[in-house]
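I opened my notebook today to look up two places in this structure. Here is what I jotted down as I went.

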Amino acid sequence: MNTTALVGAQWGDEGKGKIIDILAQKADYVVRATGGSNAGHTVVEGGKTYKLHLIPSGILYPDTVNIIGNGVVLDPKVVLEEIDELSALGVKFDKLVIDLRAHVVLPYHKELDELAEKSKGKDAIGTTKRGIGPCYSDKTDRIGIRMIDFIDPEVFAQKLKSNLEFKNKIITKVYGGKPLDYKSMLDEYNGYAKRLKGFCADTGVMLYDAVKSGKRVIFEGAQGTLLDLDSGTYPFVTSSHPITGGFCAGAGVGPTAIKECLGIAKSYTTRVGAGPFPTELDDEVGKHLLNVGHEFGTTTGRARRCGWLDAVILRLAVRINGLTSLAINKLDTLTGLKKLKIATHYVKDGKTVNDFPADISLLDGCMPVYEEYDGWTEDISGVRSFDELPIAAKNYIYAIEKLCGCRVSIVGVGPDRDQSIFR
Ligand code: GDP
Ligand code: IMO
Ligand code: MG
């Protein structure tokens, strides 16, 4: 199949960057459709590590067109820093294209993200403070500034002036903060706009033609299903739709443009930030997953919360994203654990909960019910074919397939591009 969506099946950081980079080898286009610089995607190639926030994960292939779609909220400063850092490493950007409809993250979005989190106190969401929520709020409030406005100095000056006047009132009068200066922001961001103008185009039209002519297109997910604004653990979610349905709106394509939907999951579960996490572990196994799995955020450096794999969550991901198969990363992190567990369902007040509830307060006192599996001790990081995996590792993958009703097509056994098993 020529067009594939790669979507996070848990709470983000499932190793999407690695799989996208591998599949991009054979892709003509890689498209980021949602989120912003809250994402942190790691690509490891020949021992070199690249950390990408806004730049699509197909950027290491010079012939692949990398698109930042209309559904992305683009921080001009961050994207230019990324371009400069990667250019210094020899990465080429002549095939990077940014959609004219993408909304622009400005300093007041980041300031308001920070102030809103602070004012929420113990109820804070634990955002990445990258201005994501405030920028998407402006978009739905129909006052956002898009790339097409940003690269026109007159339109940008006028829109920035009226927006900043309003935002400064909120910053000073609601939060008691300091107002941001119009002139210096205009000068600084006009400089960024000049540099970004040459990258801008109507990417929806490009993709329509690409799909129609049979080009190979990968839709790159950011965040994960449980962080989706509608289907996730609201309000502890991000402000976009990081699910395959969201990719259509965010890339400007129709649903029939996506043929395969590959869900990316880890062999256990992690989450950054606040909110419910039924299978979270606060014990030696949790420490093993944190330390052996190097579970520290790519964007904020925060330690990720770790726990057992949760089939309730994965079934939600299979259903909402229409998954045609799953990639299970980090199977190597489980090596050395004597017993492994997967939550099959939850129990609350004696009742069975099979589907992730809409009301997250129902998760209070909800007990995950686990199936237990044997672990393995062999180093699997060098294994390249499924048959060579220890029998216990194979059984663990078979159990995931059975519990989620979805085929596992890729197994990750290390961070490097070549440390993947294709079935
Ligand atoms: P993303 O946001 O989904 O792209 O994931 P991140 O890059 O934030 O986090 C995934 C981390 O796991 C990165 O450090 C990857 O290099 C690493 N990783 C990905 N796949 C594997 C794997 O199969 N084994 C191990 N040990 N690490 C992996
Ligand atoms: P990738 O693409 C993990 C989480 C934040 C917070 C919540 C809302 O690397 O998988 P936001 O800044 O979006 O308003 O924060 O969402 N979050 C992520 N967690 N991986 C990500 O991206 C994330 N992007 C946002 O930690 O809980
Ligand atoms: Mg990440």
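Predicted model: local features only at pLDDT ≥ 70, side-chain atom pairs only at ≥ 80, totals over all residues.

Next I looked up individual contacts. K16 places a polar side-chain atom 2.7 Å from an oxygen atom of ligand 2. The backbone takes part too: a polar backbone atom of G40 is 2.9 Å from an oxygen atom of the ligand, and for G126 a backbone N or O atom lies 3.5 Å from an oxygen atom of ligand 2.

**Helix α8.** I moved on to α8, which spans residues 203–212. Which of its residues are buried? I noted T203, G204, L207 and A210. They sit on the same side of α8, because the arc they cover around the axis is only 125 degrees. A friendly reminder to myself: an α-helix has 3.6 residues a turn, so residues three or four places apart point the same way.

What do the buried residues of α8 pack against? I listed the strands β2 (29–32), β5 (65–68), β7 (96–99), β9 (200–201) and β10 (217–220), along with helix α9 (244–251). On the face turned away from the buried side, I found the exposed residues Y208 and K212.

Last entry: just after α8, G214 takes a positive phi of about 80 degrees.

Conventions:
Residues numbered from 1 in each chain as written. Chains lettered and ligands numbered in written order. Heavy atoms only, no water. Polar contact = N/O pair within 3.5 Å; in protein donor to acceptor, adjacent residues only side chain to side chain. Buried < 20%, exposed > 50% of the residue type's maximum accessible area, 1.4 Å probe, protein only. Helix = DSSP H or I, 4+ residues; strand = E, 2+ residues; numbered from the N terminus. Arc of directions from axis to C-beta. Contact = heavy atoms within 4.5 Å.
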